[in-house]
Amino acid sequence: MMGTSEAALQILSSGCRILSSDPYASNLDWKFASKFHINCVKKRALRHKQLFNCSSFLQNQIGIQRLKMIGDYGLFGNTSVDSLQLLSCKCQQSETVGGLTSEDGKGTWFVDSARVLHFNGAVNPTNVLEFGNVQQKQGNGELTSNGAVKQGKESLPTDGGALGIGRDASNKVTVDSIEDEAWNLLLNSVVYYCGSPIGTIAANDPTSSNVLNYDQVFIRDFIPSGIAFLLKGEYDIVRNFILHTLQLQSWEKTMDCHSPGQGLMPASFKVRTVPLDGDDSSTEEVLDPDFGEAAIGRVAPVDSGLWWIILLRAYGKCSGDLSVQERIDVQTGIKMILRLCLSDGFDMFPTLLVTDGSCMIDRRMGIHGHPLEIQALFYSALLCAREMLAPEDGSADLIRALTNRLVALSFHIREYYWIDLRKLNEIYRYKTEEYSYDAVNKFNIYPDQVSPWLVKWIPNQGGYLIGNLQPAHMDFRFFSLGNLWSVVSGLATTEQSHAILDLIEAKWIDLVADMPLKICYPALEGQEWQIITGSDPKNTPWSYHNAGSWPTLLWQLTVACIKMNRPEIAARAIEVAERRISWDKWPEYYDTKRARFIGKQARLFQTWSIAGYLVAKLLLADPSAAKMLITEEDPELVNAFSCMISANPRRQRGRKNSKQTYIV
């Protein structure tokens with residue numbers, strides 16, 4: 001242990017905060033905690049000068065801070081030192097911020113100052129206490145623009161030596177070491193804003209010099225990271241993410257002089273350091289959002305706001321802190337997203353009409369119209385929002401419209417998107433050009449659309465929800481995320497949910513093979529690929545979005561399996577992933593029909609591949625924790641749905657019942 005004077009000198013340069021233990025992290029060994037601590041020390045040494053220049057920090061006073069190290073590891077006992085207090089941020093503390101204050105009629109937006117990220121007995125790199133006796137040799141680190149340490153090639157060897165990762169005699173990575181490595185990589189991907197954790201970058205690939213936008217925080221990519229932190233009891237980073245992205249919602253971005261609808265959430269954001277008032281000697285950190293105006297294809301994300309609502313509910317369920325969702329600004333943010341999604345338009349269907357590339361598949365893949373993934377997330381977000389909206393006069397009409405949409409959407413998807421062997425036989429015998437209110441073939445689907453691959457592929461037991469439905473068009477491809485989230489959200493019935501899992505088991509070689517999980521099946525090939533994708537060189541057959549395999553889908557599969565009490569399916573998929581994913585350096589996606597090759601343009605150390613694996617492992621260890629993501633059917637919705645099924649299909653136009661009606 002270094003002397004008190006030497007410790008004080010270290011503290012003066014680091015601006016430390018109190019370390020606290022993490023009761024949720026007892027299953028991780030001390031080696032992992034200490035190595036994370038060393039990484040924190042190195043990050044702080046590189047960043048402290050830059051952070052002191054941030055306009056959000058002011059040196060306020062000199063005091064005595066009592067440093068108390070408690071928990072499983074008992075590093076330093078109780079130590080009292082004289083130090084400069086941590087430079088305080090101008091941003092208000094989260095406990096004192098009410099968001100949109102009732103006193104201010106116009107509403108005042110506040111930046112929420114986050115607290116320190118505590119994890120495994122260590123704190124975030126910008127506030128770590130530096131002690132010389134834990135300075136160990138740890139590979140070279142390079143500072144990235146977001147403040148995280150990017151590992152050099154030599155610090156991530158294939159034998160895992162620098163990370164304390166063990167391999168057995170057959171050169172396979174042990175399960176415990178894979179989890180330790182994953183946590184280490186996830187923590188190294190954390191992004192800081194004004195010294196507080198705010199999210200995780202998309203990828204931290206040391207082998208690629210072409211960063212593109214992978215150094216940004218994506219809303220959809222952060223969801224598994226946020227769930228992983230929640231499961232470990234690290235609530236602050238998720239809270240910060242929710243509140244800061246909410247503030248970005250009010251930005252007015254334009255594309256060719258056109259502004260998108262109010263309530264749109266950005267696809268991603270980046271922490272940038274810019275000169276303060278034109279003075280290069282002083283800088284400040286700002287959040288720069290991207291609503292799609294800089295993205296490839298210039299497509300605004302539809303799923304960002306839906307995922308944000310789902311994560312907000314998960315935060316409240318897991319942490320027990322409902323004060324965030326009750327804040328005035330958060331309630332306003334929920335309503336803005338709902339009004340954007342529920343606004344009237346030309347579309348006759350209850351499903352959301354969106355353009356190509358507006359979700360996880362963010363390139364041209366023929367999913368424009370009413371893709372299943374968006375509908376499943378839409379349904380889930382509606383249920384979560386109805387649960388969180390404060391009952392007040394101003395919300396009554398919105399809740400009524402929300403409930404009507406839930407009933408109509410569930411009926412539409414369950415009735416018209418479902419496909420199994422029986423339904424396929426029905427479509428095969430469809431009559432066309434039917435004009436009437438009681439038509440069987442309501443969307444004028446031509447039987448010749450039934451592809452030969454589907455006739456051979458559909459199993460005797462099992463079924464799934466098709467990828468898209470539009471007039472005269474059914475996209476029969478199997479889309480994993482849409483089907484899995486339909487199970488999680490309850491959009492699919494209990495019978496349909498079991499049938500979806502039955503199909504995954506029956507078609508294991510096609511959907512899982514050597515690495516879970518195919519993003520869709522089958523791939524677009526030949527002339528069809530040329531026409532639908534525009535000959536996209538990145539979406540060649542069995543690659544990337546065109547039937548590539550994405551390890552991040554492990555966590556959605558696990559939640560769906562836990563809900564249906566079939567966790568053995570997820571456990572089997574995780575076991576498949578563990579054979580390769582660490583050795584392959586956590587790729588973004590895999591190519592070929594059996595996922596034997598790392599994606600030709602896949603980023604390594606992809607954060608949501610790492611977080612997806614961790615969430616899957618944590619949920620299998622504690623299945624009850626999945627309740628924060630699962631939504632069950634409301635009895636009111638079940639009753640309304642039953643009434644619609646039993647209603648006379650020969651309803652005449654303009655007839656109004658005395659009771660509330662649900663339009664499908």
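Trainee: What should I know about the model before reading it?

Mentor: The model is predicted, so local features need pLDDT of at least 70 and side-chain atom pairs count only at pLDDT 80 or more, while totals for chains, interfaces and linings use all residues. Residues are numbered from 1 along each chain as its sequence is written, and side-chain values use heavy atoms, with hydrogens and water left out.

Trainee: What is a salt bridge, and how many are there?

Mentor: A salt bridge is a side-chain nitrogen of Lys or Arg within 4 Å of a carboxyl oxygen of Asp or Glu. By this rule there are 18 salt bridges. One of them joins Asp215 and Lys270, at 2.4 Å from N to O.

Trainee: Where do Asp215 and Lys270 lie?

Mentor: Helices (H or I, at least four residues) and strands (E, at least two) are DSSP runs, numbered from the N terminus. Asp215 is in the loop between strand E10 (196-200) and strand E11 (217-218), and Lys270 is in strand E12 (residues 268-276), so the pair ties together parts that are 55 residues apart in sequence.

Trainee: Is Asp215 buried or exposed?

Mentor: Buried means under 20% relative accessible area, exposed over 50%, and partly exposed in between (1.4 Å probe, protein chains only). Asp215 is buried, with a relative accessible area of 18%. Lys270 is buried too, at 10%.

Trainee: Which residue forms a salt bridge with Asp303?

Mentor: Arg220 does, and the closest N and O atoms are 2.7 Å apart. Asp303 belongs to helix H6 (residues 303-319) and Arg220 to helix H4 (residues 219-231), so this pair ties together parts that are 83 residues apart in sequence. Both Asp303 and Arg220 are buried.

Trainee: What links Glu179, Glu578 and Lys617?

Mentor: A network of salt bridges links these residues.

Trainee: Why do residues three or four places apart in a helix point the same way?

Mentor: An α-helix has 3.6 residues a turn, so residues at that spacing point the same way. For a case here, take helix H11 (residues 421-428), whose buried residues are Lys423, Leu424 and Ile427. They cover an arc of only 100° around the axis (taken from the directions from the helix axis to the C-beta atoms), which puts them on the same side of H11.

Trainee: Which exposed residues does the face of H11 turned away from its buried side carry?

Mentor: That face carries Arg422 and Tyr428. The buried residues of H11 pack against helix H10 (396-417), strand E14 (418-419), helix H12 (452-457) and strand E16 (473-479), where contact means heavy atoms within 4.5 Å.
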